[in-house]
Structures are given as C-alpha cells and as structure tokens.
Amino acid sequence: MTGPTNADVPDVADPLSADPLVVAEAWRREGRRVALATVVETWGSAPRPAGSHLVIDADGDFRGSVSGGCVEGAVVAEAAEVIDSGVGRLIEFGVADETAWRVGLSCGGRIAVWVERID
Amino acid sequence: MDSALVSALNAERAARRAAVLATPLSGAPARLLRAGEPLQGDPLADEIREAFRSGVSRRVTGADGDVFLTACLPPPRLVIVGAVHISQALAPIAAIAGFEATIVDPRTAFATEARFAGVRLIAEWPEEVLPGLGLDPWTALAAVTHDPKIDDFALRHALERGCFYVGALGSRKTHGKRIERLSAAGVPADDLARIRARSASPSARPARPRSRWR
C-alpha cells in the first residue's frame with residue numbers, strides 16, 4: 001500500500017484480542033484448565049451488564065470482569081471448584097446476600113453469575 | 001461448555017458475523033446459532049431472533065428451564081471518506097461513541113498522520129481500499145469530500161454492502177447532481193433514497209441568520 005498509513009496505530013480491527021472468550025480459547029489450547037463466568041442477570045444498579053464474562057484458570061489467573069472488581073474474588077474461588085467438579089453453578093451476589101459484607105456489590109444491586117467449566 | 005463451541009463462536013465474531021450462544025443454566029449442552037440459520041421449530045425462536053435484532057444478551061425461560069442467550073453482533077464501524085477538517089472532529093467523536101473509525105482519502109496532502117494522529121488512516125482511492133475493508137450492515141459510511149471522483153464509488157459500494165448508515169455532504173444542488181450520476185450508473189432508486197444527504201447536523205454548523213438557513 002502506498003501513501004502514508006498509520007502503521008503504529010493499534011489494530012482497531014482486532015478488538016477481540018483481550019476478549020475473555022478469546023482468552024478462554026487460547027488458554028484451553030495451551031492445555032490450561034479453564035472456567036467461564038457469565039453475568040446472566042442483574043437487578044437494580046449493577047456495574048457490568050448481562051453477558052459480561054470473566055475467564056479463570058486453575059491457578060486463579062483471570063481476565064475480564066463480571067462486576068468491576070466487587071465480587072471477582074468470590075467468583076474466582078467458585079471457579080476453582082467448578083474446574084475440579086465440572087459441574088456448572090449459578091451464584092447470586094447482592095446486598096441482600098448474607099455474604100454482602102464480604103463480597104457484596106457496593107452499588108446496591110444484585111447480579112447472577114453462571115460459572116461453567118470449558119472442556 | 002465444549003471449547004470447540006467457544007472456538008466456533010470466536011470464529012464467527014472474528015469474521016464479523018452475528019451469532020447467539022444459547023447456554024442452558026441446567027448445565028445441558030450449549031448451542032451456537034449463526035445468523036441466517038433457520039429457527040423454525042426452535043422453542044426459543046422468538047427470543048433468539050430478538051437477540052439477533054437487539055444485540056442484547058439476556059436470560060430467558062424455556063420449556064426445559066432457564067437459558068442464557070449471549071448475543072454477539074459485530075462491533076459498529078465508521079468509514080469516513082475524506083480526510084477533511086470535519087473528519088478531524090468526527091473520528092474522535094466516533095471513537096468515544098464506540099465506533100471503530102477508518103479514514104480513507106487518496107489525497108496525500110489531506111491524509112497525513114500529523115492531521116489524524118491515532119486514527120486509522122488509509123491514503124488510497126476508495127475503489128482500491130473499500131472492497132478489502134469488508135463493509136457490512138454493522139458499518140456506517142460517511143462521504144465528506146464533496147468530490148464525486150472520491151465520494152461516488154464509496155457511496156455505491158456502501159449501498160451495495162448494506163451499510164446501516166450511508167451519509168454524504170453537499171448542498172441540495174450538489175446532492176441532486178449526485179443522485180443523477182448514481183442513477184445513471186445504475187444504482188436503484190430505493191438505494192439512493194437511503195443516502196442521508198447533508199449528513200452534517202445543522203447544530204454542527206456555526207449559527208447564522210435563519211433567513212439564510214436552507
């Protein structure tokens with residue numbers, strides 16, 4: 001291609017490179033054991049919309065976000081069990097939850113997160 | 001979920017094809033639905049069609065329990081034909097609004113990195129560039145050079161590729177001539193009616209006496 005072209009600009013045509021689903025695929029290809037967490041429902045004020053993903057490996061490494069940081073720690077812990085058992089589970093987080101003081105959403109909303117193993 | 005399904009979904013997304021992933025929250029196997037595949041007989045046909053239309057992911061209730069529909073529509077893009085002064089404002093506005101912007105202008109005096117730092121800029125004729133960019137129904141095209149040699153092909157190509165927005169600048173007189181040229185070139189009237197002419201908003205122009213507006 002002739003003429004000036006901004007070769008140094010990040011390739012905006014490939015915004016998927018840091019995407020959790022792309023990371024999940026890459027991690028599986030590397031042989032890592034992986035779980036995928038997905039926000040499946042939100043009530044009230046919630047930091048991340050339904051469809052947001054967090055991908056977690058057996059060592060607790062993770063990418064993406066299901067709550068902007070509020071409950072990621074708890075999801076990562078649940079994911080470790082899901083990776084071992086292979087059984088998906090639905091987890092709810094929110095101020096009404098007894099775990100609120102530990103891992104509640106400071107914004108006052110509630111979210112439901114589906115965690116499953118990627119086989 | 002089978003990692004092959006994740007790979008298949010990622011392949012659809014990388015190719016800018018719409019897809020919906022249906023994940024039963026019972027733990028039953030997930031399904032990947034590709035755009036254009038028949039949905040007759042699917043118990044969730046209406047919900048899946050809505051996911052394709054809206055791009056909104058949501059939990060729905062089917063006969064066998066709840067299912068989460070992950071809607072994956074290609075991210076919106078804006079192709080700006082013309083590295084002119086309004087493009088210098090339009091490109092950052094597009095980026096903030098979530099559109100990946102690309103500027104195409106063969107005139108190397110206009111299409112300079114100094115004028116468009118941080119913007120994807122291609123100093124080539126639209127004829128040479130646009131077919132390779134894969135314009136699609138999730139792409140908008142704004143032709144802003146006012147120069148038929150540059151704008152006309154881009155407009156025709158965008159209409160052929162079903163871009164969701166096809167805009168062009170120019171006065172009524174300029175647009176009238178444009179319609180005549182494109183019509184003579186064989187562009188159907190229905191397509192020509194899709195061109196948003198005078199695509200600049202009045203509010204984007206400096207205030208001037210009302211009597212002179214129009």
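Buried means under 20% relative accessible area, exposed over 50% and partly exposed in between, with a 1.4 Å probe and protein chains only. By that rule Arg33(A), at 41%, is partly exposed. This is a predicted model, where local features need pLDDT of at least 70, side-chain atom pairs count only at pLDDT 80 or more, and totals for chains, interfaces and linings use all residues. Residues are numbered from 1 along each chain as its sequence is written, chains are lettered from A and ligands numbered from 1 in the order in which they are written, and side-chain values use heavy atoms, with hydrogens and water left out.

**View 1. Arg33(A) pairs with Asp84(A).** The closest N and O atoms of this salt bridge are 3.2 Å apart (a salt bridge is a side-chain nitrogen of Lys or Arg within 4 Å of a carboxyl oxygen of Asp or Glu). Asp84(A) sits in helix H2 (residues 72-85) of chain A and Arg33(A) in the loop between H1 and E1, so the pair ties together parts 51 residues apart in sequence. Helices (H or I, at least four residues) and strands (E, at least two) are DSSP runs numbered from the N terminus. Asp84(A) is exposed, at 58%.

**View 2. Arg32(A) meets Asp61(A).** Here the N to O distance is 3.3 Å. Arg32(A) is in the loop between H1 (20-29) and E1 of chain A, and Asp61(A) in the loop between E2 (53-57) and E3 (62-64), so this bridge links parts 29 residues apart in sequence. Both ends are partly exposed, Arg32(A) at 23% and Asp61(A) at 27%.

**View 3. Arg53(B) and Glu50(B) pair within one helix.** Their closest N and O atoms are 2.9 Å apart. The two are 3 residues apart in helix H2 (residues 45-54) of chain B, about one helical turn. Arg53(B) is exposed at 61%, while Glu50(B) is partly exposed at 30%.

**View 4. The largest cavity has about 50 Å³ of space.** On a 1 Å grid over the protein atoms alone, a cavity is a set of points where a 1.4 Å probe fits but cannot get out, and lining residues have an atom within 4 Å of a point. Grid points are joined across faces, edges and corners, and the volume is the space filled by probe spheres set on the points. Lining residues include Trp114(A), His53(A), Met1(B) and Phe68(B). E1(A) gives the largest share, 3 residues.

Note on methods. On a 1 Å grid over the protein atoms alone, a cavity is a set of points where a 1.4 Å probe fits but cannot get out, and a pocket is an open set with protein on both sides within 12 Å along at least five of seven lines; lining residues have an atom within 4 Å of a point.
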